[in-house]
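Here is a request for a quick, friendly tour of a protein model and its ligand. Let's look at the ligand site, then the pockets and cavities, and finally some backbone details.

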Amino acid sequence: MAGLKEISWERFSKLPAAEKRPYLERQDGDGMPYHTLFAQQFDRALLERLCALANRIRFINKSKEGALYLKGVLAHKRAMLYFSQPSSRTFLSHLAACQILGITTGSVRDAATSSEFKGESREDSIRTFSSYFDMIIMRSPEQGLADKMAWELSNGDRPVPILNAGSGKDQHPTQALLDVYTLVRSFESKGGVDGRTVTFCGDLLRGRTVRSLSYLLTTFRDVKQIFVAPPELQVPEDVVAILKGKGVRYEISDDLRAAVRASDAVYMTRIQDEWDAAKGESSKIDTSRFKFGADELAILKPDAVIMHPLPRRDEISTCCDNDPRAMYWRQMRNGMWIRAALIASVFGFEREIMDCGY
Ligand code: CP
């Protein structure tokens, strides 16, 4: 197995994401990631293994005996949650996933409360965390920092796995895992995800969840992707290039109603104005036609699902919240289970949990 010790940062950083994958895998050859940095690390087989493990963990956790067993699985491990961007769901679901597996956690949620306030670099902060913890779960506004630190730590004296919980406008791989898990569960008794049509709507330019999920959907057979957004916020060229390269059917549109009629899943996203170059820039864009409400609900297929990585503003009306097709609350909870599955796998406990007697 190739590892990050066997490649210079210069070479590694220039590789296409798909070619980076072998350097990030666990060294025992089971194919699971050691470092989790981007969606291109997951193929269909790995997704199926993770979904199966997430289902297994949620089943085991239903009984007190099972929950106590799970709490012992990684009781010898500690994880650091280093979030230098705001988060509710990603932080809390990773925390809950660690708790399910018995992992002790530490956290920094605001650089102002760490020695970064005194001028310490993010790199030095992360190196510091690796002295005390066995895994670093990190969210950063800085694209590429998780990759750089995965390489640095692997080449240092405290190699610990990095789990990317959101990096700049670039990637949010564990969100994409929970999105796929939600789709798989939603369609498991209805013929599966293959052949479905998924619409992405909103700020597709700056939404890292869109880039990561769009890639994972390419691992399914014949899934069509429709991108609905105002021209200023349309899906970026690098995402389209991947779809073209893989021969995936896609459509660029500004007609949400037409897309809703054709879709099995509608994935709404928030306008990500925290990335505005100039304050108030996004508010000048007309987003009024890119919202999901009662009219869209009325034309949505009976067995389709509405998804959203959350948080939302007004892009999904609260009038949709109690519709059985509104999947966003369950989607959020699915995050805890799939993240528990991923963390257990990173530490090499997939087989033990799958085969345990509970
Ligand atoms: N979906 C998501 O990343 O939510 P948070 O920002 O609340 O973590």
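The briefing below goes topic by topic.

This is a predicted model, in which local features need pLDDT of at least 70, side-chain atom pairs count only at pLDDT 80 or more, and totals for chains, interfaces and linings use all residues. Residues are numbered from 1 along each chain as its sequence is written, and side-chain values use heavy atoms, with hydrogens and water left out.

**The ligand and its surroundings**

- Around the ligand you will find Ser87, Ser88, Arg89, Thr90, Arg139, His172, Gln175, Pro309 and Leu310; a residue counts as near if one of its heavy atoms lies within 4 Å.
- This shell is made up of two nonpolar, five polar and two charged residues. For these classes, Ala, Val, Leu, Ile, Met, Phe, Trp, Tyr, Cys and Pro count as nonpolar, Asp, Glu, Lys and Arg as charged, and the others, Gly among them, as polar.
- The side chain of Ser87 has an N or O atom 2.6 Å from an oxygen atom of the ligand.
- For Thr90, a side-chain N or O atom is likewise 2.6 Å from a ligand oxygen atom.
- Gln175 brings a polar side-chain atom to 3.0 Å from a nitrogen atom of the ligand.
- On its own the ligand exposes 250 Å², and the protein buries 91% of that; the areas come from the Shrake-Rupley method with a 1.4 Å probe.

**The largest pocket**

- The ligand takes up the space of the largest pocket. A molecule sits in a pocket if more than half of its atoms lie within 2 Å of the grid points.
- Pockets are found on a 1 Å grid over the protein atoms alone, as open sets with protein on both sides within 12 Å along at least five of seven lines; a cavity is a set of points where a 1.4 Å probe fits but cannot get out, and lining residues have an atom within 4 Å of a point.
- The largest pocket has a volume of about 470 Å³, a volume being the space filled by probe spheres set on the points, which are joined across faces, edges and corners.
- Its lining has 21 residues, and Pro86, Arg139, Arg208, Arg270 and Pro311 lie nearest the centre.
- Two or more lining residues come from each of α5 (89–100) and α9 (208–217). Helices (H or I, at least four residues) and strands (E, at least two) are DSSP runs, numbered from the N terminus.
- By class, this lining has five nonpolar, eleven polar and five charged residues.

**The second largest pocket**

- The second largest pocket has a volume of about 290 Å³.
- It is lined by 17 residues, with Ala17, Phe38, Gln143, Asp170 and Gln171 closest to its centre.
- The lining of the second largest pocket divides into six nonpolar, six polar and five charged residues.

**Cavities**

- There are three cavities of 30 Å³ or more, and the largest cavity has a volume of about 60 Å³.
- Arg89, Thr90, Gln175, Leu178, His308, Pro309, Gln331, Met332 and Arg339 form the lining of the largest cavity.
- Helices α5, α8 (173–187) and α13 (328–346) each give two or more residues to this lining, and α13 gives the most, with three.

**Backbone details**

- Leu310 and Pro311 are joined by a cis peptide bond, with omega about 5°; Pro311 is in the loop between β9 (305–307) and α13.
- Asp222 is not a glycine, yet has a positive phi of about 55°, and it is found in the loop between α9 and β6 (224–228).

How values were computed
Polar contact = N/O pair within 3.5 Å; in protein donor to acceptor, adjacent residues only side chain to side chain.
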